Number of protein chains: 2
Amino acid sequence: MQLMSEKSAAGGGLRERKKRATRAALAEAAVRLAAEHGAEKVTVEAISAEAGVSVRTFFNYFDSRDDAFVVVDADAGERMRRAVLEAPADLSPLAALREAMAAELAEAEAQHELWRLHAKVLHASPHLLARGVGAHMAAEADLADALAERLRRTGDTGGPGSGTGSGSVTGAGSGLYPRLLAAVAGAAVRTSMDHWSAHQEEAAFLDVFHEVFTLLAAGLPAPSA
Amino acid sequence: MQLMSEKSAAGGGLRERKKRATRAALAEAAVRLAAEHGAEKVTVEAISAEAGVSVRTFFNYFDSRDDAFVVVDADAGERMRRAVLEAPADLSPLAALREAMAAELAEAEAQHELWRLHAKVLHASPHLLARGVGAHMAAEADLADALAERLRRTGDTGGPGSGTGSGSVTGAGSGLYPRLLAAVAGAAVRTSMDHWSAHQEEAAFLDVFHEVFTLLAAGLPAPSA
DNA sequence: ACATAAGTTGCATGGTATGCAAAGATGCAC
DNA sequence: GTGCATCTTTGCATACCATGCAACTTATGT
């Protein structure tokens, strides 16, 4: 029971494998069809046919048609959560988050082609892009919990107002700091991807990513002052 | 139905006023019905009936049913844009953004009751919350443009690598910095609202808001290290 | 008052989404 | 491998969402 929890790879039962395959097939069919004909022109019927299942089954896997375009990897959140918890203790919270996200992005690069198609589809229709952003929020909430846990382990809980030098209204234990961290890091990743996909030939993604987190750690200073 | 709001610069023509009134009536009906019966249980027919128009007219104002719950104030973005451009030159970009958003939030507090109902509705169903977040992205893009304009006026465009101390891959003029700023500030506002609505009795919203931006300006330091 | 532009409405149509019950796979014990 | 319990798939019925179109009603300018 302890060894079978390989991340997303072949799980134990045949049922689970089939379910994962079906879900993946539906998501992939959705993205490919959308990339070719435009997301608005792709019906649930077409997606289902391409994946070889019935329309009804599609809705057993996704709550709405748009979800098929948006949901990429369901357990990416769990991996990042672990990465944050297992990160070296001498990393700052922001740095731990950065490393976790960088690892996840590298993972996404594994399915190079699908990732690009996916980005193309989302970018093509703002409606879906918005939905995608929203989808990240659940993951951010999980990450915030993981960060809170990490803070509880690494340092003390401190008194309210202990560290920042300015009066802390809520105290670190109340959850504001981890949530802010997760939300801001998410925004940073989205900005990086956005900027990179717009200037793809000028800079490597990792360079943009690094610069963004450097700006964050410096407190977003005015560039020329 | 004949509520004529005087805030949004009551436009000259009768037509425009009627349109605004109808849109406001639809949005308000949607939020009130959703607050009472749950968003999922509110049909377009019910909203339209409450606002005194036909179902078909509803779809002349909103592209989808969910939009009626999400869209708050269409020209809030324009106001923030102006606020950023007209902010005192000695404010840091982050501070200018903070002031613009604070002013907008104060504006939202004007319709106290509706604002709370709105927050309640969005918070009750994650689906809408995600959509709401996505809706903010368009505004963020506009804000990023305004910030870029402000930076162009205030300072020089600088050479790449001029200000931050670390190599700037893209240069300030390429748009990464303003976009990051807008995205992060948006995330900060959302986090503030979230935290405040969860701990409403512990701290005033403005205190949370202030603390969040202080943390940002300090580079999100680890609270106890 | 008249012509024009703009907004509203009903109807028809097709896609989206859910509940339900029957049929088909799978897992497990024997 | 037989049989039973569980989960999954599927078709059908139903309701709601969303858009195009044409007819009708209401402002606006002269």
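Glu140(A) and Arg190(A) are both buried, where buried denotes under 20% relative accessible area, exposed over 50%, and partly exposed the range in between (1.4 Å probe, protein chains only). The model is a predicted one, in which local features need pLDDT of at least 70 and side-chain atom pairs count only at pLDDT 80 or more, whereas totals for chains, interfaces and linings use all residues. Residues are numbered from 1 along each chain as its sequence is written, chains are lettered from A and ligands numbered from 1 in the order in which they are written, and side-chain values use heavy atoms, with hydrogens and water left out.

The side chains of Glu140(A) and Arg190(A) form a salt bridge with an N to O distance of 3.2 Å, a salt bridge being a side-chain nitrogen of Lys or Arg within 4 Å of a carboxyl oxygen of Asp or Glu. This pair links distant parts of the chain, with Glu140(A) in helix 8 (residues 126–154) and Arg190(A) in helix 9 (residues 176–198) of chain A, 50 residues apart. Helices (H or I, at least four residues) and strands (E, at least two) are DSSP runs, numbered from the N terminus.

Over all chains, the count is 20 salt bridges. In one of them, Arg32(A) meets Glu28(A) at 3.0 Å, N to O. Because these two residues are four apart in helix 1 of chain A, about one helical turn separates them. Arg32(A) is partly exposed, at 29% relative accessibility, and Glu28(A) is likewise partly exposed, at 31%. Together with Glu113(A), both belong to a network of salt bridges. In chain B, the side chains of Arg153(B) and Glu149(B) are joined by a salt bridge of 3.2 Å, N to O. Arg153(B) and Glu149(B) lie four residues apart in helix 8 (residues 126–154) of chain B, about one turn of the helix. Arg153(B) counts as exposed because its relative accessibility is 52%, while Glu149(B), at 26%, is partly exposed.

Among the atoms of DNA strand D within 4 Å of the protein, 63% belong to sugar or phosphate and the rest to bases. For Arg15(B), a polar side-chain atom lies 3.1 Å from a base nitrogen of DNA strand D. Two or more residues of this surface are given by each of helix 1 (14–37) and helix 3 (55–61) of chain A and helix 1 (14–37) and helix 3 (55–61) of chain B. Helix 3 of chain A supplies the largest share, four residues.

The largest nonpolar core has 65 residues, of which Phe209(A), Phe213(A), Leu216(A), Leu220(A), Phe213(B), Leu216(B) and Leu220(B) touch the most other members. A nonpolar core is a set of buried Ala, Val, Leu, Ile, Met, Phe, Trp, Tyr and Cys residues joined through side-chain atoms within 4.5 Å. Another core, of 24 residues, lies apart from it and includes Val31(B), Phe58(B), Tyr61(B) and Val70(B).

Technical notes: Near = heavy atom within 4 Å. Polar contact = N/O pair within 3.5 Å; in protein donor to acceptor, adjacent residues only side chain to side chain.
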